[in-house]
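This report goes through one protein chain, from its overall figures to single residues. The sequence and the model come first.

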Amino acid sequence: MAMIDWVTALLPCNHNPAVLRSGSYVKIDQAGNIEYVKELSLGVVGSYDACLYVSSSTDHTIQIFGNPAKFLQGHNVFGPSDLLYLVAKTFAALCARPELELSPTPEQLQAIDNGDYRVLRVDVNCSYLLDGPASCRAFVRALGTNASLRHRGAGQLKGDTAYFGLGSSHGGLRCYYKGDEVLAKGHQIHADLQIPELMEFASKAVRFERFMYSKMLKRLGLDWAANWTDSTPSVLLSEYLQGLQLPDNMPLSDEVLNTLPLRLKGVYAMWAAGHDLRAQMSSSAFYRWRRQMLAYGVDLLIVQNPENSNVVPMVRLLEARPAEIPQWAYDRGLVA
């Protein structure tokens, strides 16, 4: 199931601007003149120490940005997919904090319920469950080094995350292993939430996340919250995942390997050992062998890394359905 993972939105709300800041950033030139002053957003601590940021945008508008699901739930292993519901519930939680001095009018509250506000950034994601950490990590590595995304080009592996469209002012796609993230500094799930079921779910989850900035949202007609539905995140993710070019460059199973003609077994053995056959053969010979091996799902253009032999086939993963929120999560109050 898809979920909303990050929101930057401008919400109609009367407020005290002086309250919604945590200080100022001042740039001074060499002559000692102030070039500009930037007010710093106020961090509001929510459930299990998760933080959301709030600032004054205009006299009657506030900006919120952060992970609303995590703010409400304390985690973002899974969560709601309904943008209007999630923002309205987050806004209600903020209004319940008297120290923030938010005083929305009935008309402003109705506007938020109706989705009559702008969204500047939204991240949506979904998770697929594999058989464990080794398969998840290997899959992400293979995706970042071998796959490409339509209109975003080849993937880039940065640390433990595969990116497509990294650096774009419109947005892109990333893929990472959730099991590592929930234990990483700055992202670690609160100790009180590290229950066995939640940690086991995360330990098998590969997450695809589409991040969209204002230019992309405007182009898609999704820069106003009212245009979002509960199914919008799933549609957006499906659109991107269908554009992934995923070479089936995994080692062949013993069953398939036994069907290889004898003339191809030597070529396959060299490729599986990590040899760059294009550099070791004439061009005509290489492409002749490549054409024959493609019939068995092996692309000799992609140099094989023997250490990644436990990668789960990408096509099988993407043909599967995204993981649903388990019933025990609802029973234990882990979903906003």
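Predicted model: local features only at pLDDT ≥ 70, side-chain atom pairs only at ≥ 80, totals over all residues.

## Surface and charge

Among the side chains, 31 are positive and 33 are negative.

## Overall dimensions and contacts

The C-alpha atoms fill a box of roughly 80 × 60 × 35 Å along the principal axes. The chain has 336 residues, and 46% of them are buried. Its secondary structure consists of 13 helices and 14 strands.

Contacts between residues at least 6 apart in sequence were sorted by their separation along the chain. Of these contacts, 70% join residues at least 24 apart.

## Helices H2 and H3

Two packed helices are described by the angle between their axes and the distance between the axes. For helix H2 (residues 83-95) and helix H3 (residues 106-114), the axes come within 8 Å and the crossing angle is roughly 150 degrees. On the H2 side the contact is made by Leu 84, Ala 88 and Phe 91, and on the H3 side by Leu 109, Ile 112, Asp 113 and Asn 114. By class, the residues of this contact are 5 nonpolar, 1 polar and 1 charged.

Glu 101 sits in the loop between H2 and H3. Its phi is positive, about 55 degrees, although Glu 101 is not a glycine. With a relative accessibility of 41%, Glu 101 counts as partly exposed, because that value falls between the limits of 20% and 50%.

## The loop between H1 and H2

Phe 78 and Asp 82 both belong to the loop between helices H1 and H2. Is Phe 78 buried or exposed? Its relative accessibility is 5%, so Phe 78 counts as buried; the cut-off for buried is under 20%. Leaving out residues up to four places away in sequence, Phe 78 touches Met 3, Gln 73, Leu 198, Phe 201, Arg 207, Ile 325, Pro 326, Trp 328, Ala 329, Leu 334 and Val 335. Val 26 is 52 residues from Phe 78 along the chain, and the C-alpha atoms of the two are separated by 39 Å.

Asp 82 has a relative accessible area of 27% and is therefore partly exposed. Between Asp 82 and Val 235 there are 153 residues of sequence separation, and the C-alpha to C-alpha distance is 13 Å.

## The segment before S1

Ala 2 is placed in the segment before strand S1 (3-12). How does Ala 2 count at 3% relative accessibility, as buried or exposed? Ala 2 counts as buried because its 3% relative accessibility is under the 20% cut-off.

Not counting residues up to four places away in sequence, the residues that Ala 2 touches are Gly 79, Ser 81, Asn 125, Cys 126, Pro 233, Ser 234 and Leu 237. Gly 132 is 130 residues from Ala 2 in sequence and 21 Å away in space, C-alpha to C-alpha.

Helix H4 (residues 133-146) contains Ala 138. At 0% relative accessibility, Ala 138 counts as buried. Asp 160 is 22 residues from Ala 138 along the chain, and their C-alpha atoms are separated by 9.9 Å.

His 151 is located in the loop between strand S8 (148-149) and strand S9 (153-154). His 151 is not a glycine, yet its phi is positive at about 70 degrees. Which class does His 151 fall into at 72% relative accessibility, buried or exposed? His 151 counts as exposed because its value is 72% and the limit for exposed is over 50%.

Methods
Residues numbered from 1 in each chain as written. Heavy atoms only, no water. Helix = DSSP H or I, 4+ residues; strand = E, 2+ residues; numbered from the N terminus. Buried < 20%, exposed > 50% of the residue type's maximum accessible area, 1.4 Å probe, protein only. Contact = heavy atoms within 4.5 Å. Lys, Arg positive; Asp, Glu negative; His and termini not counted. Charge placed at Lys NZ, Arg CZ, Asp CG, Glu CD. Axes fitted to C-alpha atoms, helices over the stretch in contact; angles between N-to-C directions. Nonpolar A, V, L, I, M, F, W, Y, C, P; charged D, E, K, R; others polar.
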